[in-house]
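Biologist: Can you take me through this model? I'd like to start with the sheet.

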Amino acid sequence: MKNIAKDVYQISLFPRNAINCYLIEDVLIDAGIRTSSNKILKSIKEKSVTKHALTHAHADHQGSSKIICETLNIPLLCSDAEKEFAESGNVFTEYPNPNHIFSKFQKNFWAGKGHSVAKTLKEGDQIGGFTVIETPGHSSGHLSFFREKDGILIVGDVMTNMNLLTTKVGLHEPPHLFTADKETNRKSILKLASLNPKILCFGHGPILFNNGELEKFIQKSKIAY
Ligand SMILES: [Zn+2]
């Protein structure tokens, strides 16, 4: 795993940073797909990890949550709106088209079993030095995590930093196929931009050390208040 900032590590689970999870202080954020557990557990074995939190309960974020929580005997945390999906493992309920072939593929090959949620998180809660930011849209209970003192932001899937088909690096809105409410997600993009994040960590794509790329993306995509 890669050290991004003080006590923040990226665990890249697929080539070209296609799927990532993160260790922020003593909290594992997201857990890849169902076959990611060995890689994640190996990466964090020297670290003290006391909690596992989800940005959202999609198959490429909750895939190894159950096995990791059980192996490390740590609690699972997510927003109230995601709780039902994290616990049932029915992680496609909100997709605009749950019967699409990609949705079915994720269900059959990526999704992990559900696991009970020990505590729910809401806007303003603290996770170590990070503040919980509610960023609905991609999923109704999506969360991001922001550490103000150094501007590091765990974006989740509010934006991706790659084209998911070609893997070319660059900022994008998340794919419509897997996004519950595009307009609400656009509001969440603006909410995150208003924090002036310096380092952006995505569910999909490499880390972005922001030098105006975020602002350019917002202008270009005509995402307006
Ligand atoms: Zn997602």
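Predicted model: local features only at pLDDT ≥ 70, side-chain atom pairs only at ≥ 80, totals over all residues.

Modeller: Seven strands form an open sheet in the order S1-S2-S3-S4-S5-S6-S7, and the pairing is mixed.

Biologist: Which are the edge strands?

Modeller: Strand S1 (2–5) and strand S7 (119–121), each of which pairs on one side only. On average, neighbouring strands are turned by 30° against each other, direction ignored.

Biologist: What packs on the sheet?

Modeller: Helix H3 (residues 65–72) does, touching strand S4 (27–29), strand S5 (51–53) and strand S6 (76–79). The direction of H3 makes about 170° with that of S5. Helix H4 (residues 80–88) lies across S6 and S7 and runs at about 130° to S6.

Biologist: And how many bridges join S1 to S2?

Modeller: Three, with the two strands running antiparallel. Lys2 stands opposite Gln10 in S2.

Biologist: Switching to the core. Which residues touch the most other members?

Modeller: Tyr22, Ile24, Ile29, Cys78 and Val155, in a largest nonpolar core of 51 residues.

Biologist: What does Ile24 touch?

Modeller: Leaving out residues up to four places away in sequence, Ile24 touches Asp7, Val8, Ile29, Gly128, Phe130, Phe145 and Ile154.

Biologist: Where is Glu25 found?

Modeller: In the loop between strand S3 (20–24) and S4. Most residues other than glycine have a negative phi.

Biologist: Why does Glu25 count as partly exposed?

Modeller: Because it has 18 C-beta neighbours inside 10 Å, and buried would take 20 or more.

Biologist: And Lys222?

Modeller: Lys222 also has a phi near 55°, and its place is in the segment after helix H7 (213–220). Lys222 counts as exposed because it has 7 C-beta neighbours inside 10 Å.

Conventions: Residues numbered from 1 in each chain as written. Core = buried A, V, L, I, M, F, W, Y, C linked by C-beta atoms within 7 Å. Buried ≥ 20, exposed ≤ 12 C-beta atoms within 10 Å, placed from the backbone. Contact = placed C-beta atoms within 7 Å. Pairing = 2+ DSSP bridges. Helix = DSSP H or I, 4+ residues; strand = E, 2+ residues; numbered from the N terminus. Axes fitted to C-alpha atoms, helices over the stretch in contact; angles between N-to-C directions.
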